[in-house]
Amino acid sequence: MTKAKIMKVLMYIVLTIVSLISVFPLYWMLISATNKSVDVSRGALLPGTALIDNWKSLLSQSPVGTAMINSFKYAIILTILALVICSLAGYGFEIYHDKGKDAVMSILLLGMMVPFVATMIPLFRMFSSAKLLNTTIAVIMPTISTPFLIMMFRQSARSFPHDIIEAARIDGLNEIQIFFRMFIPTMKSTYAAAMTITFMNAWNNYLWPKVILQKEETFTMPMLVANLTEGYVTDYGVLMLAVLLCSLPTVIIFFLLQKSFAEGITGAVK
Amino acid sequence: MSQVKEPKKRKMSLERRHNLTGWAFLTPATLMIAVMSFWPMIQAFILSLQTGKANNLKFGDPLANYVRMFRDNVFMASLGNTFLYLIIQVPIMLILALILASMLNNKDLRCKGLFRTAIFLPCATSLVSYAIIFRSLFGVDGFINTVLINLGILNTGYNFLGHATSAKIVIIIALVWRWTGYNMVFYLSGLQNIEYSVYEAAKIDGASPMQTFFKITVPLLKPTILLTAIMSTNGTLQLFDESLNLTKGGPANATITMSHYIYNMSFKYVPTFGYAAAMSFLIFILVAILAFVQMKVGDKRD
């Protein structure tokens, strides 16, 4: 065998091993959700028959339905608002840019360096004195507008041809119509990428909801899953079923939007 | 005369109108960042100068909290842990991501999409979920121990999360597992901006894969590497979910991160908001310094 061939075989071996390691914990979670806790501990690696028992047991000990609905509610509202507000801003910063707006943008970019943990305490005090603990507004407000999303949309607006804008103006469309009818349909892949990122972050966010939500009926899925580990005895089957339910929405979104996600990131890195 | 002036006047007002439209477009987002990020940051600083419990905060010695921090053993431990993760985990992850990305960038590779999806898949799982999966995998009666016992390497289950060193290693393994694919996607995107003919030319010139990697891939990807380095540093300094859900910060605070400790001081025990704000402000300063250093280093190699 030539040296190049050995390299190639080696490459396939490395990629296969890394892929298996990447997928295994998720496979194990899936399998464990269908097995009894004892069997999970014994190292079960094949689907079991305890899925329905685990499901009943999970429902009896925690309000999964409510937490699912809550998580969807927070994530969907947040994603819609974030996409509209940040893309408007990104478009505004790029299409109408001048010295003043460029300066504002560079100040906003500094916001990327502000760690959330540093703003968490003042935000908590702010929302609690406004009597907004346990509300949807409090959960979503801090992360609707992010410098990252604005930058992403500004970057994609850069590739939006000015001729289209001019032509649309001549056709009598006003500026907001140009944005909704011309820009949004052209930038589908950026929106898909932004949607994937925002929805995943919103769904997975744990620290802030944990701080701001104190009533069980407002809890999110990650909070519910984390609370399942608080007890002394862990039922692995039930726990992994909860983890599975918590991961399913983001995994599905990821598979649906994977292609446009990669395209959108490519646009942002350019 | 008025006929000549008319169009100019209209154009001026149009330009002004566009300018104002621009401001209107960006105002909601800008205001929200100002109120939800910059303003709280200023407040955190003011808060960090106050001492006292719960809402009985008062200004005393302005540096009291900052002095207390460096005498606080748990905080120093959390600082040490965070930097340990930063120094060991981030380079391993970024190098691995870079190697995987340049392998997947190979045009002749088959099943590329399959590999890419598999390696990126961990990023689709939530932080809490993967923390709990790893906690279960490495539990005393977890899967890893079962395998090690069956292979005859261990007689009884080893308490991975109950010993300081192994608990730290588990956290590092978990972090690498979760984030390598994420960084890889950034590198893959960056690689797509490099003309593939550069690689073909290098191949014809007889460059080894190693040479190609260090002489072409790494230098051309430098901006992306810088971006991922800054993002990872920022993320590592704010680690929370893993510390809380994978190891619960234990054993005996051996794996606790700064954010986890700040959370405990603000929301778990009787809140000491001033002290917690001081610690969080230190994280902000560290993020800023490290980002600045990385940008300087990134610039120099040009």
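Over all chains, the structure holds 5 salt bridges, a salt bridge being a side-chain nitrogen of Lys or Arg within 4 Å of a carboxyl oxygen of Asp or Glu. The model is a predicted one, in which local features need pLDDT of at least 70, side-chain atom pairs count only at pLDDT 80 or more, and totals for chains, interfaces and linings use all residues. Residues are numbered from 1 along each chain as its sequence is written, chains are lettered from A and ligands numbered from 1 in the order in which they are written, and side-chain values use heavy atoms, with hydrogens and water left out.

Side chains of opposite charge can pair when their charged atoms come close. One salt bridge joins the side chains of A:Arg158 and A:Glu94, with an N to O distance of 3.3 Å. Because A:Arg158 lies in the loop between helix H8 (147-157) and helix H9 (162-170) of chain A, and A:Glu94 in helix H4 of chain A, the pair ties together parts that are 64 residues apart in sequence. Helices here (H or I, at least four residues) are DSSP runs, numbered from the N terminus.

Helix H4 (residues 64-95) of chain A also packs against helix H13 (residues 221-228) of chain A; the two axes come within 8 Å and cross at roughly 145°. Axes are lines fitted to C-alpha atoms, for helices over the stretch in contact, and angles run from 0 to 180 degrees between N-to-C directions. The contact (heavy atoms within 4.5 Å) is made by A:Val64, A:Ala67, A:Met68 and A:Ser71 of H4(A) and by A:Met221, A:Pro222 and A:Leu224 of H13(A). By class, this contact has 6 nonpolar, 1 polar and no charged residues. Ala, Val, Leu, Ile, Met, Phe, Trp, Tyr, Cys and Pro count as nonpolar, Asp, Glu, Lys and Arg as charged, and the others, Gly among them, as polar.

Between the chains, the contact takes 84 residues from chain B and 90 residues from chain A. About 7,600 Å² is buried between chain B and chain A, 77% of it on carbon and sulfur atoms; buried area is the accessible area (1.4 Å probe) that two parts lose on being put together, summed over both. In chain B, the residues losing the most area to chain A are B:Phe25, B:Met36 and B:Phe143, together 10% of what that side buries. Helix H1 (residues 2-48) of chain B gives the most to this side, with 22 residues. The side of chain B that touches chain A has 51 nonpolar, 27 polar and 6 charged residues.

The contact takes 5 residues from domain 1 of chain B and 6 residues from domain 2 of chain B.

Notes:
Helices (H or I, at least four residues) and strands (E, at least two) are DSSP runs, numbered from the N terminus.
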